[in-house]
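Please look over the structure below, and then follow this report through it from the whole chain to a few of its parts.

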Amino acid sequence: MLIPPIAFTDRLSVFDDGSQIDNRNSIDIQVPDYPPMDEQARQDAILAFIQCERTHRKIMDWLHNDIVEAIRSSDDVILGGRRDAFIGYVFYNYKDLRSTSRHFYADLYWRWTHYHTKQRQPIPMIGDILLNHLTLLESHIKEYIPRIPIAKNIMEHELQCNDKLTFLLTCLETSDMAKRLMPRTSTRDLTCTNIVLECLSHPQKQLFLYTEHIERLQHVTNPAHPDYALLEVCAQTVERIRDESTQAMKETIDRVAVLWLHDSLVCKEPGEFYDLQLTSPERRILWESKLFSSTSASSATTTSNRKFIHIYILDHVVLITKCGIGDSATLHKICGQPIPLPMLQVIDSPSTRRHALFRIHNHHDTSTMTFVHTVRGEQWSFTCEKHIKDRCLQAIHDAQKIWKKKQHPIHFMPIDVSSFRISQSGDGYDQVHCTVPIGGHILIGTDTGVYIKALEDTHVNLLFESDFPVEQLNVLYSANMLIVKTANRDLTMYSLDGLYTATMNNRDLASMRGYTIQNGVSQVAIGPDDVLVYKKGHSHHAVLTGMQPSDELRDHSYRSRFTLFSPPSFGYHSPMKTMFQPCPTIQEMNATGVRHIEFVDERLLLVCEHDFSVIDIHTGMAQRFPMHHEPGIPMAMWYLNDHRILLCYEHGAFFIDENGDDLTTFNNNRRLLFRWEARPEHVVRFHQYIVGFSTSLIEIRDIHTGALVQVESASRCKLTFHDGSMVQGCMISNKHPDRQFLFQLELI
């Protein structure tokens, strides 16, 4: 039977806001008899729930009309496609939440008016409407809530940087809805920033209000009433939605913490820059704390100057900062170059008792731990309590485990692990200086000669001996000639046809001789179409000369005369006139101050003492980079495209355009793409990566972002060959400390 009418005050006016409500079928709800309770209190609880949903609907309408649409319709606030992207990132699926709330309130409003206004009866049930709309709301709210922290971070950052947006939303501060949204906030704190951030969080807070109102309804509803069971299911549903959404939001909160750190970091010196890749989605802060510092980054001795230092342990670096206050936010000044996890060593000092002055307030033991950069040797010492030190060490352990589990992009494929020794004593061959691949073989230049080894075999054969260490090996593929530069600066060539024949016939290879092309050569490079360029001379005067194999030398039948390596077999005429022809654009070119020559993208690159010079071998035109003097030693240079050039120095790298102007500047200062962890002796390109070879470290970085993607510790590491698509090197073997480990880089 129907619940008998109960007289209570007409409160319909609180819902009369002129909104358009869909028509609902007039179906009376039949409720069985149940023991009576305080029906007036139950109706008041239902009324409070409807009022709560009405307020939520009005806030969502206010968000739509006064904030989202105001931004969308203002062309000069956020320009172009960025405006649509901004609205999508910040407000995401708010339209779905707004639509659900409007339908929810419409159903509640209809039931109130149907029973209270028309029939003058109390509302028999509300749990059915609530459960139905919670089911519809669940997917939308579980998508929205986890994104609230990132949405608030983006909006807050935009309001700080965009004065036009702040001015546009200033009108919110005097709105009645702002006071309803934030009733306990003082007028001074009713800023547009706080109001917008509160609007973004309101759907999450509405879930907590649902829980409060459902508990109130359960408290005044008889357990025998059919609405009670529905309310129980609704309470469980709201709790589940809230828990799952909150759990999913934790990852976003961690992400926002990283973005906040990114926005608050500043460098110590003008123009200084460290790209920590904090905007990368996988970045995490595993631990942070404020500790006492007792040393500086450049000194390992304890000083009396003890200051608070902030430590951030991320999943790829350890960051040390000093906190300060800027114009509008807290700033963290980076103290020294961040320490990558593979290069971090922690020295744990024993615990000591606090000074008597501190013991009055705290009876815990204190410990000192020191962070050491294993390559640069920089040290930072910190004083803290033992439990803080333990948490720090655990965070470092977890971070290093994360780093080790990362998929490294490059594999170090072994070429030889024990054949070549690093000293004259003991069995084995001599120290390796250079290599060059030949088909399925590799030629290896050492202190006493050149060896050949099949990549799939462990056996090493001697090709020929040399009185001087072999410093560089190159191949003229069109002529099948091996070019050898030795430590006495002789440039010699050998026919590979003859060498293979001699190897197969097991001849006396030590008696084989090559033909000397030139003396006094310090650098040699081979470019497109087998253009051979060498540098000849001394430090005060040097020249570059270019030449190419002649058609006769490229012809196998003519080249066979050279197989025996006997100059008299050519008659009384010098073979240079018939075997090589000069390169007209590179003849007796001044090379004073040139440290290194190589070919890059079919251009001849001269690495000079302070800059780079690029020569077009077809026209002979030269261009110098960069336009302004850059301190430091140049190392390498690459064209990433027609308008983007990467220059690498011993301290770091930066981008310039085709005219030599900087592409990475900040406050009119050059901004480095990255800084090397160790000063490299050689820098080469391997596909989309930059590889820096130092004596104790191999750094592999992304060529576009400069991100450190892989680090390999090494001992007496050396680059032996590179041509852009292949990189080979050697280092001391871990298993055999007196032997060299030869390797080749391969993409995984």
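How many helices and strands make up the secondary structure of the chain? The secondary structure comes to 15 helices and 40 strands, where helices (H or I, at least four residues) and strands (E, at least two) are DSSP runs, numbered from the N terminus. This is a predicted model, in which local features need pLDDT of at least 70 and side-chain atom pairs count only at pLDDT 80 or more, while totals for chains, interfaces and linings use all residues. Residues are numbered from 1 along each chain as its sequence is written, and side-chain values use heavy atoms, with hydrogens and water left out.

Of the 748 residues of the chain, 50% count as buried, that is, under 20% relative accessible area with a 1.4 Å probe, protein chains only.

Four strands form an open sheet in the order E34-E35-E36-E37, with antiparallel pairing; two strands pair if DSSP finds at least two bridges between them. Strands E34 and E37 stand at the edges with a single partner strand each, so one side of each is left without a neighbour in the sheet. Within this sheet, E36 and E37 pair in the antiparallel sense over 5 bridges, and Glu699 stands opposite Val711 in E37.

| Element | Residues |
|---|---|
| Strand E34 | 682-686 |
| Strand E36 | 697-702 |
| Strand E37 | 708-713 |
| Helix H1 | 39-73 |
| Helix H3 | 94-118 |

The contact of H1 with H3 involves residues that divide into 12 nonpolar, 4 polar and 9 charged, where Ala, Val, Leu, Ile, Met, Phe, Trp, Tyr, Cys and Pro count as nonpolar, Asp, Glu, Lys and Arg as charged, and the others, Gly among them, as polar.

Note on methods:
Axes are lines fitted to C-alpha atoms, for helices over the stretch in contact, and angles run from 0 to 180 degrees between N-to-C directions.
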